Amino acid sequence: MIRNSIIFIFLALSLVSCSSKNMETDVIKVFNKYEQLNKEFENNNSKSNREKLEQYMYSNYAKNLDYARSLYCDKEDRNFIAKEFIDLYIKTQKNSANEIPMGTLASMYICKPDFILKEISSLEKNDKKYMTEELYLGFIDITHNKKLENQIELDNKMKVLEYYDEVTSKIKKLDL
Amino acid sequence: MQDATFSNSLRKLSWKNRSWDAVSGPWGKGVLPNGVYTIERRKLTEYTTNIGNGFKDETGKGYFIPLTPIFDVGGRTGFGIHPDGNKPGTKGCVGIRKNAYSFYSAIAVTSPSSKILLKVVD
């Protein structure tokens with residue numbers, strides 16, 4: 001009886017681990033596909049390439065960002081998901097009006113801020129400035145109507161970023 | 001089908017003798033560039049809670065309808081019209097500030113094959 005229970009628990013844990021591994025693979029596949037579509041559009045901004053990119057952007061890619069956030073936030077050893085996401089963000093987001101990735105970045109920061117800060121701090125100057133702006137905007141966007149218990153602490157933590165002051169004063173000037 | 005107009009300076013979206021307070025920019029690369037866009041009627045989403053918070057109105061529901069430029073917008077992508085949820089402003093989409101559902105209703109009653117253009121002006 002005890003032996004059967006142990007086998008059952010082992011199998012259940014293996015299934016959970018497999019399904020999480022599959023999820024990771026799927027998330028990275030969608031990232032790669034989105035990057036590829038973005039590259040194709042950059043090389044040839046035809047109507048058909050735009051259509052393929054935008055269709056994917058607001059369907060598969062948008063849904064995938066939820067999974068990416070869950071994987072990163074729910075497991076201690078999934079930091080590489082956030083690393084991949086930041087890398088993709090820099091490559092694909094600069095010309096995009098899509099606000100969903102900005103919310104994902106801020107959500108990742110809210111659940112595990114230190115890793116996001118470390119990654120942004122390690123970027124080269126222009127990317128660091130860009131990602132600081134995106135993170136700050138995303139953070140004030142998603143906390144606009146939903147105050148967090150540790151909001152002040154999270155806001156203060158962000159001040160370690162080299163371009164925090166420059167970025168926040170720019171955003172305050174533009175504020176509607 | 002009558003064209004819609006969005007004025008960046010007046011911050012008004014107008015269509016069929018009605019108008020809505022709306023904004024584009026100032027975040028990211030800023031306002032939607034002046035020119036003509038196709039409102040992708042066929043790709044209008046449902047009015048739903050199952051959409052990003054930035055696309056929701058005060059009722060907690062929202063929608064998204066893509067805009068395709070019919071001129072060169074310098075490689076910018078991802079434009080659309082949606083309620084302006086969360087912090088005011090967009091990264092180039094037209095964000096409707098008030099009565100966003102009435103715009104949705106007006107669009108949703110048209111035939112999915114309708115050709116509706118949006119003229120963006122200063």
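Analyst: Start with a cut-off: a salt bridge needs a side-chain nitrogen of Lys or Arg within 4 Å of a carboxyl oxygen of Asp or Glu. Keep in mind that this is a predicted model.

User: What makes the meeting of B:Lys91 and A:Glu134 a salt bridge?

Analyst: The N to O distance between their side chains is 2.4 Å. The cut-off is 4 Å, so the pair qualifies. Between chain B and chain A the count is 2 salt bridges.

User: Why is the link between A:Cys73 and A:Cys111 called a disulfide?

Analyst: The rule asks for two cysteine sulfur atoms within 2.5 Å. Here the S to S distance is 2.0 Å, so A:Cys73 and A:Cys111 pass. By this rule the count over all chains is 1 disulfide. The link is left-handed, with -75 degrees about the S-S bond. A:Cys73 sits in helix α2 (residues 47-74) of chain A and A:Cys111 in helix α4 (residues 100-111) of chain A, so the pair ties together parts 38 residues apart in sequence.

User: Is A:Cys111 buried or partly exposed? And B:Cys93, buried or exposed?

Analyst: Buried means under 20% relative accessible area, and exposed means over 50%. A:Cys111 has 33%, so A:Cys111 is partly exposed. B:Cys93 has 0%, so B:Cys93 is buried.

User: How do you know whether A:Arg78 is buried or exposed?

Analyst: Its relative accessibility is 9%, under the 20% limit, so A:Arg78 counts as buried. A:Arg78 is found in the loop between α2 and α3 (79-92) of chain A. Beyond its neighbours within four places in sequence, A:Arg78 is in contact with A:Ser20, A:Glu24, A:Leu71 and A:Tyr72.

User: Which residues of α5(A) are buried, and what covers them?

Analyst: A:Pro113, A:Phe115, A:Ile116, A:Leu117, A:Glu119 and A:Ile120 are buried. Their cover includes α2, α3, α4, α6 (125-142) and α7 (151-157) of chain A.

User: What makes B:Asp21 a polar partner of B:Lys12?

Analyst: Their side chains make a polar contact at 2.5 Å. The limit for such a pair of N or O atoms is 3.5 Å. B:Asp21 lies in strand β3 (residues 18-23) of chain B. At 27% relative accessibility, B:Asp21 counts as partly exposed. Leaving out residues up to four places away in sequence, B:Asp21 touches several residues, among them B:Arg11, B:Gly95 and B:Arg97.

User: Where in chain A is the confidence lowest, and where is it highest?

Analyst: Helix α1 (residues 2-43) of chain A is lowest, at a mean of 77. Helix α5 (residues 113-121) of chain A is highest, at 98. Chain A as a whole has a mean pLDDT of 91, and 89% of its residues reach 70 or more. Where pLDDT is low, the predicted coordinates should not be read in detail.

Definitions and conventions:
Residues are numbered from 1 along each chain as its sequence is written. Chains are lettered from A and ligands numbered from 1 in the order in which they are written. This is a predicted model: local features need pLDDT of at least 70, side-chain atom pairs count only at pLDDT 80 or more; totals for chains, interfaces and linings use all residues. Side-chain values use heavy atoms; hydrogens and water are left out. Helices (H or I, at least four residues) and strands (E, at least two) are DSSP runs, numbered from the N terminus. Buried means under 20% relative accessible area, exposed over 50%, partly exposed in between (1.4 Å probe, protein chains only). Contact means heavy atoms within 4.5 Å. pLDDT is the predictor's confidence in each residue, from 0 to 100. A polar contact is a pair of N or O atoms within 3.5 Å; within protein, one must be able to donate a hydrogen and the other to accept it, and residues adjacent in sequence count only if both atoms are side-chain atoms.
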